[in-house]
Amino acid sequence: MDVERLFAELADWSDQHDVPVETHRYGPLPDHEADLRLPPDAAPRGLAVVVHGGFWRAHYGRETTRALCADLALRGWASWNVEYRRVGTGGGVPATLDDIAAALRRLDEVRPVGDVPLLVLGHSAGGHLALWAAGTRPVAAVVSLGGVCDLTEAARLGIGDGAALDFVGGTPEQRPELYDLADPARRLPIGSPALIVHGTDDDRVPPELSRRYAQAAHEAGDPCQLLELEDIGHFEVIDPRTATWSTIVQGFEVVVKMG
């Protein structure tokens with residue numbers, strides 16, 4: 001897949017479908033920003049914290065989840081699209097984790113949508129960060145889309161040209177305390193319902209990482225649903241133009257109601 005072309009197409013789609021955006025700061029640094037979108041015509045059904053992917057590296061930012069957030073607004077969901085420090089902009093463990101926590105605290109202050117279900121949703125590296133965030137506070141549900149759910153195994157496999165090693169700053173043997181802090185699979189149970197989504201044709205993040213997390217979550221007593229999507233790759237799961245995305249939305253709305 002031509003990723004840059006896909007993101008250009010999603011940017012064009014967003015230009016045609018986006019809703020008004022309020023950008024808020026949650027800290028003093030350039031990356032300490034989050035975009036709040038509200039449904040255009042009604043009170044929101046819920047509030048989704050959205051965390052973008054990109055293997056925790058600076059090349060990609062929250063513009064990659066802009067289309068997803070626009071679609072959520074059209075479906076009646078408010079969203080909080082979070083930027084954060086990445087490797088190359090001062091990020092890594094623990095700085096990136098600190099940013100996600102600070103963005104959630106700022107949302108608590110801003111939150112103009114009343115008492116509605118809070119969902120945390122992330123793609124790829126953002127799936128890892130969403131699961132980590134859900135382990136720090138109760139949420140109605142957490143959704144990982146092609147997520148790096150098992151940071152230790154990702155480091156062992158060297159996915160993303162060693163992205164996990166760069167993010168943490170070493171191997172699990174070299175930095176065990178940081179993996180204990182940052183790896184969602186080591187922090188179970190989180191106590192909140194999870195929907196773990198992965199395409200079987202994902203060539204960026206192996207589906208096995210999601211399978212390992214889902215099994216560990218069940219064993220730890222967490223409510224966790226694994227949704228494997230046949231013949232789907234890494235990026236279809238954040239493309240609101242696809243039937244795949246509609247399936248995901250239906251899935252997490254069910255999990256939210258159950259939670």
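Let's start with Thr-200: at 22% relative accessibility, Thr-200 counts as partly exposed (buried means under 20% relative accessible area, exposed over 50%, and partly exposed in between, using a 1.4 Å probe and protein chains only). Keep in mind that this is a predicted model, where local features need pLDDT of at least 70, side-chain atom pairs count only at pLDDT 80 or more, and totals for chains, interfaces and linings use all residues. Residues are numbered from 1 along each chain as its sequence is written, and side-chain values use heavy atoms, with hydrogens and water left out.

**More on Thr-200**

- You'll find Thr-200 in the loop between S7 and helix H8 (207–220); helices (H or I, at least four residues) and strands (E, at least two) are DSSP runs, numbered from the N terminus.
- Leaving aside residues up to four places away in sequence, Thr-200 touches Pro-207, Glu-228, Leu-229, Glu-230, Asp-231 and Ile-232, where contact means heavy atoms within 4.5 Å.
- Leu-36 is 164 residues from Thr-200 in sequence, and the two are 32 Å apart in space, C-alpha to C-alpha.

**Gly-146, another loop residue**

- Gly-146 sits in the loop between S6 and helix H5 (151–157), and with 2% relative accessibility it counts as buried.
- In sequence, Gly-146 and His-198 are 52 residues apart, but in space they are 4.6 Å apart, C-alpha to C-alpha.
- Gly-146 touches His-198, along with Ser-124, Val-197, Asp-202, Val-205 and His-234, not counting residues up to four places away in sequence.

**How H1 meets H2**

- Two packed helices are described by the angle between their axes and the distance between the axes.
- H1 and H2 pack at an angle of about 30°, with their axes 8 Å apart; axes are lines fitted to C-alpha atoms, for helices over the stretch in contact, and angles run from 0 to 180 degrees between N-to-C directions.
- That makes H1 roughly parallel to H2 (angles under 35 degrees count as roughly parallel, over 145 as roughly antiparallel, 65 to 115 as roughly perpendicular and the rest as oblique).
- H1 passes H2 in a left-handed crossing, meaning that the near helix is turned anticlockwise from the far one by less than a right angle; clockwise would be right-handed.
- On the H1 side, Leu-10, Ala-11, Trp-13, Ser-14, Asp-15 and His-17 meet Arg-66, Ala-67, Ala-70, Asp-71 and Leu-74 of H2.
- Sorted by class, this contact of H1 with H2 has six nonpolar, two polar and three charged residues (Ala, Val, Leu, Ile, Met, Phe, Trp, Tyr, Cys and Pro count as nonpolar, Asp, Glu, Lys and Arg as charged, and the others, Gly among them, as polar).
- Ser-14, which belongs to helix H1 (residues 3–17), is buried, with a relative accessible area of 1%.
- Not counting residues up to four places away in sequence, Ser-14 touches Arg-66 and Ala-67.

**How H3 meets H4**

- The axes of helix H3 (residues 95–110) and helix H4 (residues 125–134) come within 10 Å and cross at roughly 60°.
- H3 and H4 are therefore oblique to each other, and H3 passes H4 in a right-handed crossing.
- From H3, Thr-96, Leu-97, Ile-100, Ala-101 and Leu-104 make the contact, and from H4 the partners are His-128, Leu-129, Trp-132 and Ala-133.
- By class, the contact of H3 with H4 has seven nonpolar, two polar and no charged residues.
- H4 is largely enclosed by the rest of the structure, because 10 of its 10 residues are buried.

**Helix H9**

- At 1.5 Å a residue, the 16 residues of helix H9 (residues 243–258) should span 22 Å, and its end C-alpha atoms are 23 Å apart, which agrees; the expected span is 1.5 Å times one less than the number of residues.
- Buried residues in H9 include Trp-245, Ile-248, Phe-252 and Val-256.
- Among the elements covering the buried residues of H9 are helix H2 (66–74), strand S4 (77–82) and strand S5 (118–123).

- Most residues other than glycine have a negative phi, and most peptide bonds are trans.
- A cis peptide bond joins Val-93 and Pro-94, with omega about 10°, and Pro-94 is in the loop between S4 and H3.
- The bond from Leu-188 to Pro-189 is also cis, with omega near -5°.
- Phe-55 has a positive phi, near 55°, and at 14% relative accessibility Phe-55 counts as buried.
- Asp-161, in helix H6 (residues 159–168), has a phi near 55°, and at 75% relative accessibility Asp-161 counts as exposed.
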